[in-house]
Amino acid sequence: MERTASVSADPEQRPDTGGRCAKCRSWGGFWVLGLCNNFAYVVMLSAAHDILRKQESQNTTAPTSATLTVDFQAGNNGSSSYDCNPVSTAAVLLADILPTLVIKLLAPYVIHKVPYGFRVLFCVVMAATSFLLVSFSTVVWMSILGVIFASVSSGLGELSFLSLTVFFSRDVLEGWGSGTGGAGVAGALLYSGLIQLGLTPRITLLIMLVVPLAMLISYFFMLVPPSSLPQWGAREAEHAARSSEETQRMIDGSDKEDEEEEEETSTPGPTGPLTFAEKRHIIRGLLKFVFPLGLVYFAEYFINQGLMELLFFQGFFLSHAEQYRWYQTLYQVGVMISRSSLRCLKIRKLWTLSLLQVVNAVFLLFAVRYQFLPSAWIVFAVILYEGLLGGASYVNTFHFISKETEDRHREFAMAAASVGDSLGIALAGAAAFPVHRYFCSL
């Protein structure tokens, strides 16, 4: 059966499905998808804390709400010089990342059987349900369930949309990366801003139901998908990844390119769905990308959830809570900038980014232990730099996976590699617990 579009190894040979206008629409569509996919994930913990605090005031028997509390009050732990929170913020991190990690570990092996349209609808429903659950929660378990639903939506959405990029020009990866980077800043600012205007957390979350709606509109109305995209019907993955010689002639209009495509598509190779052995071989080839990405995220979330709350400067014009909030904001700004930089700068030596991030973590670990930094301004600069490294690692990892993976394997590879950052984050959360306990005992 003939197809009117194809995916090839060269970004310039991928179909633009309608010209420059269509490419711009798809770039913008992936930007909105990236923003919406991470939005609920970003704001959910802050919202859950506000709701849980209200529940705690209404129900005196709500001790488990402490696990979601990220509130800094002087004298919480009178025996420590670090002004410690009773429960490490790593507890919040683990609650938010574990569902995503499970999905990314298991879904790549079976998700290809589910068309993209159904995946997007599921993500939209899960995100909307998370907002509704947390906004209307009257007991702790409802709020926690809302956080889990947001994590499921984000995890499934990330691996699905990364796989989806193989059907479009490779520059949509820049749009996706920029959107995910912007979600952190936009989510935090919008939620805080609406609360500052006097709206209740419940009303604020109900307003944010527009975010899942925007994801739905972006996917179904902004993107210009090729006919090879399995949007509603089940179809084997390699049919979407293999090139069509006749279609390439129509798209490229060049005899020389036709000859190259003929040589490429005539190369003998296996047909049919990817076997388990093939998937295992692909994963082995991805390790050179997944390990550096995982290490970067391990180091940066060890900083974010294990060290940031301990980097408190007495006498600074910002309170402890305000210092922590600015640490998180500057980190998200750095991520947004670097995830938007793919058009200007591509970094192939991913291990360099990993090692630089580890140096950051070690430096700040010693800064917490020996308290030799004179001012929070230095930490602000380091945190911004940390975000730049993390965002650059993410967007360059998936750019080079897309570029260097052969057509038939690319869709699976993009989904499978998405586990790298989540695995690093989960390990960082686990490692942050003993560090927090140690410093708070001093």
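Over the ring of which residue does the charged end of Arg369 sit? The charged end of Arg369 sits over the ring of Tyr370, 5.3 Å from its centre; the criterion is NZ of Lys or CZ of Arg within 6 Å of the ring centre and within 35 degrees of the ring normal. This is a predicted model, in which local features need pLDDT of at least 70 and side-chain atom pairs count only at pLDDT 80 or more, while totals for chains, interfaces and linings use all residues. Residues are numbered from 1 along each chain as its sequence is written, and side-chain values use heavy atoms, with hydrogens and water left out.

**Aromatic and charge–ring contacts**

- The structure holds 20 aromatic pairs, where rings of Phe, Tyr and Trp (its six-membered ring) pair if their centres lie within 6.5 Å, and planes under 30 degrees apart count as stacked, over 60 as edge-to-face and the rest as tilted.
- The pair of Tyr109 and Phe412 is edge-to-face, because the ring centres are 5.8 Å apart and the planes are at 65°.
- Tyr109 lies in the loop between α2 (90-106) and α3 (116-135) and Phe412 in helix α15 (residues 407-417), so this pair ties together parts that are 303 residues apart in sequence; helices (H or I, at least four residues) are DSSP runs, numbered from the N terminus.
- Tyr109 is partly exposed at 31% relative accessibility, whereas Phe412 is buried at 7%; buried means under 20% relative accessible area, exposed over 50% and partly exposed in between (1.4 Å probe, protein chains only).
- Tyr438 and Phe439 also form an edge-to-face pair, with ring centres 5.1 Å apart and planes at 70°.
- Tyr438 is partly exposed at 40%, and Phe439 is buried at 3%.
- One aromatic cluster is formed by Phe316, Phe317, Tyr327, Trp377 and Phe380.
- Arg348 lies over the face of Phe400, 5.2 Å from the ring centre.

**Nonpolar core**

- The largest nonpolar core has 103 residues, of which Leu164, Tyr219, Leu286, Tyr327, Ile383 and Phe398 touch the most other members; such a core is a set of buried Ala, Val, Leu, Ile, Met, Phe, Trp, Tyr and Cys residues joined through side-chain atoms within 4.5 Å.
- This core draws at least three residues from each of domain 1 (19-57 + 84-226) and domain 2 (275-441), with bounds from an automatic or database domain assignment.
- Beyond its neighbours within four places in sequence, Leu286 is in contact (heavy atoms within 4.5 Å) with Ile401, Ala413, Ala416 and Ala417.

**Helix α7**

- In helix α7 (residues 210-222), the buried residues are Val211, Pro212, Met215, Ser218 and Tyr219.
- These buried residues line one face of α7, because they fall within an arc of 120° seen down its axis, the arc being that of the directions from the helix axis to the C-beta atoms.

How values were computed: Helix = DSSP H or I, 4+ residues; strand = E, 2+ residues; numbered from the N terminus.
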